[in-house]
Amino acid sequence: MRPEKVFYEPESLNYELGKQLKEKFNNVPWIPIESHNNIEQLRKNPNSEFARMKRYIIIGVRKSLKYTPNHKISDYLVPYTSSGCSAMCLYCYLVCNYNKCSYLRLFVNREQMMDKLIKTANSSDKDIVFEIGSNSDLVLENTITGNLEWTIENFGKSEKGFLTFPTKFSMVDSFLPLNHKGKIIPRMSVNPEEIIRKVEIGTSSLKARITAINRLCEAGYRVGMLIAPVVMVDNWKELYAELIEQLSDELSQKAKKQLFIEIIFMTYSYVHCAINREAFPNAVDLYDKSIMTGRGRGKYWYKEDVRSMGEEFLREQLSQKLKDVPIMYVV
Ligand code: SF4
């Protein structure tokens, strides 16, 4: 990605990564800001500017390094090297937190973040799993910063622990030769190709994601797979049956032996509706009143009976076509 503009906290240029980024993007405008959290000129933009703002990069120093306990497949959610994203999935969960300001922010104090990870991992009795990608897509971020390669190499110095992150991107070739020591667990998110094209704007194709899973497994990584989010468009049964068929045909034997699956149904919100209507007026409308219900504070999810029917369908398809791959949870 080549940004159109860079907004930066001047302090970030005191860090090695800040200096590297300044050199890399020295031919686009750099605009100083007080805080990456509140850029008034961007906050005041109308929703129709959403896609344009995704072409900006914000560079700053991450202040809060507080971990949040988690109980799915990791022990802690960890604030890491980025938040926000330059892709534009119409349901992106980050929009709930950052609204139209869900553009990519890069944090340059990675040494400090790694130091805390290694100290926490080493001081625990057990092998902790840290989720480092809950706030952005680190594979996409890596194409700009090289942070994931740096992370894989540096976390190798810890005596214990694992790092995990989800992604919708296939640019994994640079990780394949790294000495990951089995401590890194990438989790590839998949969806039917039609949903990827119409809804997950700017992400990798399904075919490329499947190839990336196979390559990572071949390179000895433990790899997970998310079917997420499940989007119940009119022809969802047909689309998800085809997806599972394609996964069964194209995943390697090695991948099938060690993958695990997470299934997450889509959550949507009033904020998504407002932004998408103005920023992507011709896009598919993901809000379907007939099958969705409120879920507090302007959020919507599928009605319980609809979601249960979806879960049953997916479990049945998976048991027929990918029967040896365990399903860790469905939400
Ligand atoms: S790739 Fe992930 S983080 Fe990026 S826009 Fe899509 S859902 Fe959001």
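Which residues in H6 are buried? Let's start there, and keep in mind that what we're looking at is a predicted model.

Okay, so helix H6 runs over residues 138-145. The buried ones are Leu138, Val139, Leu140, Glu141, Asn142 and Thr145. That's six of the eight residues, so H6 is largely enclosed by the rest of the structure.

Which of its residues are buried? In H5 those are Arg110, Leu117 and Ala121. They cover an arc of only 30° around the axis, which means they sit on the same side of H5. Turn to the other side of H5 and you find Lys119 and Ser123, which are exposed. The cover over the buried residues of H5 includes helix H1 (16-24), strand S9 (129-131) and helix H7 (147-155).

Let's move on to the sheets. One of them is an open sheet of eight strands, and if you walk across it you go S4-S5-S9-S10-S11-S13-S14-S18, with mixed pairing. At the edges you have strand S4 (68-69) and strand S18 (327-330), each of which pairs on one side only.

I'd like to stop at S13, which is residues 224-230. Is S13 mostly covered or mostly uncovered? Mostly covered: six of its seven residues are buried. S13 has a parallel partner in strand S11 (residues 184-190), with four bridges between the two. There, serine 189 has leucine 226 in S13 as its bridge partner. S13 also pairs in the parallel sense with S14, again over four bridges. Then keep going: glutamate 262 stands opposite tyrosine 329 in S18. Strand S14 (residues 261-265) and S18 are parallel too, joined over three bridges.

One more thing about S13. The peptide bond from alanine 228 to proline 229 is cis, and omega is near -15°. Proline 229 has its place in strand S13.

There's another open sheet as well, with five strands in the order S2-S1-S3-S8-S6 and mixed pairing. Its edge strands are strand S2 (30-32) and S6, each pairing on one side only. Inside that sheet, strand S3 (residues 56-60) and S8 run parallel, joined by four bridges. Isoleucine 59 is opposite leucine 106 in S8.

Next up, the hairpin. S16 and S17 form one, with four residues between them. Strand S16 (residues 292-294) and S17 run antiparallel, with three bridges joining them. Glycine 294 has tyrosine 300 in S17 as its bridge partner. S17 also runs antiparallel to strand S15 (residues 267-269), and three bridges join those two. That's where threonine 267 stands opposite tryptophan 301 in S17.

Arginine 297 is in the loop between S16 and S17. Why does arginine 297 count as exposed? Because it has 9 C-beta neighbours inside 10 Å, and the cut-off for exposed is 12 or fewer.

Asparagine 99 is another non-glycine residue with a positive phi, near 55°. You'll find asparagine 99 in the loop between helix H4 (94-98) and S8. With 15 C-beta neighbours inside 10 Å, asparagine 99 counts as partly exposed.

Last stop, the ligand. Around the ligand you'll see Cys85, Ala87, Met88, Cys89, Cys92, Leu94, Ser136, Asp137, Lys168, Glu200 and Thr203. How many of the residues in that shell are nonpolar, polar and charged? Six are nonpolar, two are polar and three are charged.

Notes
Residues are numbered from 1 along each chain as its sequence is written. This is a predicted model: local features need pLDDT of at least 70, side-chain atom pairs count only at pLDDT 80 or more; totals for chains, interfaces and linings use all residues. A residue is near a molecule or strand if its C-beta atom, placed from the backbone, lies within 6 Å of it. Ala, Val, Leu, Ile, Met, Phe, Trp, Tyr, Cys and Pro count as nonpolar, Asp, Glu, Lys and Arg as charged, and the others, Gly among them, as polar. A residue is buried if 20 or more other C-beta atoms lie within 10 Å of its own, exposed if 12 or fewer, and partly exposed in between; C-beta atoms are placed from the backbone. The arc is that of the directions from the helix axis to the C-beta atoms. Two residues are in contact if their C-beta atoms, placed from the backbone, lie within 7 Å. Two strands pair if DSSP finds at least two bridges between them.
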